[in-house]
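This report goes through a protein chain part by part. Look at the sequence and the structure first, then read on.

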Amino acid sequence: MVPTTAAAAAHRPSPFSREVRRWRALRRMSQLELAALAGTTQRHLSFIESGRSAPGRAMVVRLAESLSLSLRERNALLLTAGYAPAYEESPRDGAAIEPAMTALRSILTGHLPYPAVVAGPRGELVLANDAFEVLAEGAAARLLEPPVNVLRLALHPEGMGPRVVNLAAWGRHVTESLRARAAAHPDGGLDALAAELAGYLPAGAPPGPDHLGFAVPLRLRTAGGELRLLTTLTSFATAVDVTLAELHLEAFLPADPETAELLRRRAAARGAAPTG
């Protein structure tokens, strides 16, 4: 029997169904794998993806969580299913996230005399401690005008680029991290930024067998000598506010005693009280 037009339309995949399939393909998950993670059956998920079943709000949330979506992406998935967003998006100077921002300022101060920054999802500078000046040393004024992009500053030929001794390796670390984030959470802005930053790197051979990737310290020339810095990234894994969840703290640590001493001397010259 040929299905009626009304019946065929009723089973036509909805925007939500298409989004679930798109995310599942991006995560390279089978229906069975996603169904198991979301606490449902493969048959039910198949019905959802074909448009034969409309999921409840709780199921949408479980699917979004199982697909490792960001809070912004979870809100978008809820909207396509016809539900209101579940997560607030507060302004960065709003009262709702002020306690967390205050805590971040305290962490930045406590990390002195070593540099640390808080940045947004596309590298936009949100907060920085006084030791940020060692990263900004000699940079063009236009790169330091708000909104400052710390990723662009790190590689730009008028920013840190000429002072980075291992620019090819360090720059590859920055751009590959950015591309990996864009692949997991598609964002045209991230793709464009990664392409821009890649253009600042020297052409050369691909990494050889001795390439250490993320283990390579940043080697940065300064007026007082060369710094060797390791970095750590911290994010709010349990945040329920979109704005807060998209921030990350990048803290630089000395990779050798000489770097630690040089940064202590810089802090003393600024009149700061070194804590490290």
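Which residue takes a positive phi in the hairpin of β1 and β2? G123 does, with a phi near 90°, and the hairpin has 5 residues between the strands.

## The model and its confidence

This is a predicted model, in which local features need pLDDT of at least 70 and side-chain atom pairs count only at pLDDT 80 or more, while totals for chains, interfaces and linings use all residues. Residues are numbered from 1 along each chain as its sequence is written, and side-chain values use heavy atoms, with hydrogens and water left out.

The term pLDDT stands for the predictor's confidence in each residue, from 0 to 100. The chain has a mean pLDDT of 90, and 90% of its residues reach 70 or more. A contact means heavy atoms within 4.5 Å. Where pLDDT is low, the predicted coordinates should not be read in detail.

## The chain as a whole

The secondary structure comes to 13 helices and 5 strands. Helices (H or I, at least four residues) and strands (E, at least two) are DSSP runs, numbered from the N terminus. Of the 276 residues in the chain, 41% count as buried. Buried means under 20% relative accessible area, exposed means over 50%, and partly exposed lies in between (1.4 Å probe, protein chains only).

Among the contacts in the chain with a separation of 6 or more, 59% come from residues 24 or more positions apart.

Strand β1 covers residues 116-119. A116 and V118 point one way from the strand, V117 and A119 point the other way, and all are buried.

Two strands pair if DSSP finds at least two bridges between them. Strand β1 pairs with β5 (residues 248-254) in the antiparallel sense over 4 bridges, and A116 stands opposite A251 in β5. With β2 (residues 125-128), β1 pairs in the antiparallel sense over 3 bridges, and here V117 stands opposite A128.

Helix α3 (residues 31-38) has Q31, L34, A35 and A38 as its buried residues. Seen down the axis of α3, these fall within an arc of 100°, so they line one face of the helix. The arc is that of the directions from the helix axis to the C-beta atoms. On the other side of α3, L32, A36 and L37 are exposed. The buried residues of α3 pack against α2 (15-26), α4 (42-50) and α5 (57-66). Just after the helix, G39 takes a positive phi of about 75°.

In α5, the buried residues include M59, V60, L63, A64 and S66. They cover an arc of only 165° around the axis, which puts them on the same side of α5. A58 and E65 are exposed on the other side of α5. The buried residues of α5 pack against α2, α3, α4 and α6. Just after α5, S68 takes a positive phi of about 55°.

## Helix α13

Helix α13 (residues 257-270) has 14 residues, which should span 20 Å at 1.5 Å a residue, and its end C-alpha atoms are 20 Å apart, which agrees. The expected span is 1.5 Å times one less than the number of residues in the helix.

The buried residues of α13 are T259, A260, L262, L263, R266 and A267. Seen down the axis of α13, they fall within an arc of 165°, so they line one face of the helix. The face turned away from this buried side carries the exposed residues P257, E258 and A269. The buried residues pack against α8 (133-136), β3 (218-222), β4 (225-235) and β5.

## Two single residues

T243 lies in helix α12 (residues 242-245) and is buried, with a relative accessible area of 8%. Its side chain reaches the backbone oxygen of S90 at 2.4 Å. Leaving aside neighbours within four places in sequence, T243 is in contact with E89, S90, R92 and I97.

G82 lies in the loop between α6 (71-80) and α7 (98-110). At 64% relative accessibility, G82 counts as exposed. G82 and A54 are 28 residues apart in sequence and 10.0 Å apart in space, C-alpha to C-alpha.

Note on methods: A polar contact is a pair of N or O atoms within 3.5 Å; within protein, one must be able to donate a hydrogen and the other to accept it, and residues adjacent in sequence count only if both atoms are side-chain atoms.
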